[in-house]
Amino acid sequence: MTAMRATRLIKAGDIRTVEVPVPTPGPGEILIRVEAAGICGTDRHLFKGEFPSVPNKTLGHEFSGIVIDSGDTDIAEGTRVTCDPNTWCGTCAQCLRGRVNLCEKNVATGIHRDGGFAEFCAFPATKAVALPERLDPLLGAFCEPLACTLHGMDIGAAMPGERVLIIGGGVIGLFAVQIAALAGGEVMLLTRSAGKQQLGRETGAHHAVGSEKACREIWPDGADLVVECAGVADTVALSPHLARSGGRVVVLGVLPDGEQVSFEPFDLLFREVQLHFSFLNPFTHARAARMIADGSIVVAPLISRTIKLEEAAQAIAEPPLPGEVRAIVLPNG
Ligand SMILES: [Zn+2]
Ligand SMILES: [Zn+2]
């Protein structure tokens with residue numbers, strides 16, 4: 001076992017599945033056989049050059065697999081693990097004040113170092129979180145997006161009985177629906193896709209609507225918390241307008257680098273609407289893994305299709321299929 005297949009971003013606009021050496025775990029690293037890796041909007045942003053990238057890296061930052069070489073670490077071989085892709089340096093000014101997601105030297109597996117769209121992947125053992133043996137292997141690929149959603153929902157801090165509006169019916173939006181419902185909120189999902197509205201209802205949304213107008217008809221005074229998960233300029237701009245006076249907005253959606261959105265500061269000030277942004281997954285990966293392992297977050301309906309590694313490059317280069325929530329790559333399937 002010396003060579004393997006990996007889907008690499010050669011540079012923006014050029015992604016291919018190529019033969020590369022199987023990585024050897026370095027100090028403190030483990031090697032896993034990848035079971036499942038999710039294609040995320042960020043992978044498409046990377047391909048299009050809308051998100052900073054490093055040439056010649058294997059993409060895939062949402063993945064899990066089985067430890068086949070524990071290197072010099074004490075993780076047992078055969079353990080199923082999910083990878084927290086963000087490796088903070090621990091010594092920069094941001095890390096030292098606890099803001100690890102703002103680390104000035106963060107190394108992200110699947111962006112800055114080779115990731116999970118490959119048969120095998122090596123990464124730091126400190127970034128591995130164990131998953132149960134009995135778990136459906138496909139579910140492990142959802143720990144990373146759930147961890148990011150948990151961070152955003154922690155910032156939003158929905159309280160029981162609050163009205164929480166989730167905009168966008170992708171993985172992040174459908175996880176946000178579930179977390180808001182678990183927090184005791186009255187939850188509305190706003191997405192144009194009828195299929196995603198249905199998924200929202202099935203996973204805990206009390207209301208699922210397709211337009212701003214329909215949202216206002218149900219909640220004329222607005223939401224206590226609006227969570228933007230679509231990553232679209234129009235819905236980011238709309239979010240404060242759908243928050244009640246004294247309400248909060250959290251933007252989780254990723255817009256292309258450089259895209260602009262305009263706000264009316266007078267309106268936000270006069271109504272004291274709090275506007276927050278949520279980045280990455282600081283200290284939330286283990287919580288996400290636990291919630292997926294114990295079934296408190298429903299994942300299975302979010303798997304739209306599974307594909308082979310050979311199909312990954314094309315799937316990343318093209319937009320998601322209509323109504324698609326998540327395509328999962330099975331590098332060894
Ligand atoms: Zn992602
Ligand atoms: Zn740091």
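Reader: Which residues of helix α10 (residues 309-317) are buried?
Author: This is a predicted model, in which local features need pLDDT of at least 70, side-chain atom pairs count only at pLDDT 80 or more, and totals for chains, interfaces and linings use all residues. Residues are numbered from 1 along each chain as its sequence is written, chains are lettered from A and ligands numbered from 1 in the order in which they are written, and side-chain values use heavy atoms, with hydrogens and water left out. Buried means under 20% relative accessible area, exposed over 50%, and partly exposed in between (1.4 Å probe, protein chains only). In α10 the buried residues are L309, A312, A313, A315 and I316.

Reader: Against which elements do the buried residues of α10 pack?
Author: Helices (H or I, at least four residues) and strands (E, at least two) are DSSP runs, numbered from the N terminus, and contact means heavy atoms within 4.5 Å. The buried residues of α10 pack against β1 (3-11), β2 (14-21), β3 (29-39), α1 (41-48), β17 (303-308) and β18 (326-330).

Reader: At what angle do α1 and α10 pack?
Author: Axes are lines fitted to C-alpha atoms, for helices over the stretch in contact, and angles run from 0 to 180 degrees between N-to-C directions. The axes of α1 and α10 are 8 Å apart. Angles of 65 to 115 degrees count as roughly perpendicular (under 35 roughly parallel, over 145 roughly antiparallel, the rest oblique). The two helices are therefore roughly perpendicular to each other, with an angle of about 80 degrees.

Reader: Which residues of α10 meet D43, R44 and F47 in α1?
Author: By class, this contact of α1 with α10 has four nonpolar, no polar and two charged residues. Here Ala, Val, Leu, Ile, Met, Phe, Trp, Tyr, Cys and Pro count as nonpolar, Asp, Glu, Lys and Arg as charged, and the others, Gly among them, as polar. The residues of α10 that meet D43, R44 and F47 are A315, I316 and A317.

Reader: What is the arrangement of the four donor atoms around the zinc ion (ligand 2)?
Author: Donors are N, O and S atoms within 2.8 Å of the metal (3.2 Å for Na, K and Ca); water is not among the atoms, so sites may look incomplete. The protein donors are C89 (SG), C92 (SG), C95 (SG) and C103 (SG), lying 2.3 to 2.4 Å from the ion. Four donors count as tetrahedral if all angles lie between 85 and 135 degrees. The donor atoms subtend angles of 103 to 118 degrees, so the arrangement is tetrahedral.

Reader: Which residues coordinate the zinc ion (ligand 1)?
Author: In sequence the donor residues are spaced C-x20-H-E. One pair links distant parts of the chain, from the loop between β3 and α1 to the loop between β4 (57-58) and β5 (63-69), 22 residues apart. The coordinating residues, at 2.1 to 2.3 Å, are C40 (SG), H61 (NE2) and E62 (OE).

Reader: Is C40 buried or exposed?
Author: C40 lies in the loop between β3 and α1. Because its relative accessibility is 10%, C40 counts as buried.

Reader: What is the value of phi at E272?
Author: E272 lies in the loop between α8 (265-270) and β16 (274-277). With 55% relative accessibility, E272 counts as exposed. Although E272 is a residue other than glycine, its phi is positive, near 45 degrees.

Note on methods:
Tetrahedral: all angles 85-135°; square planar, octahedral: opposite > 155°, others 65-115°.
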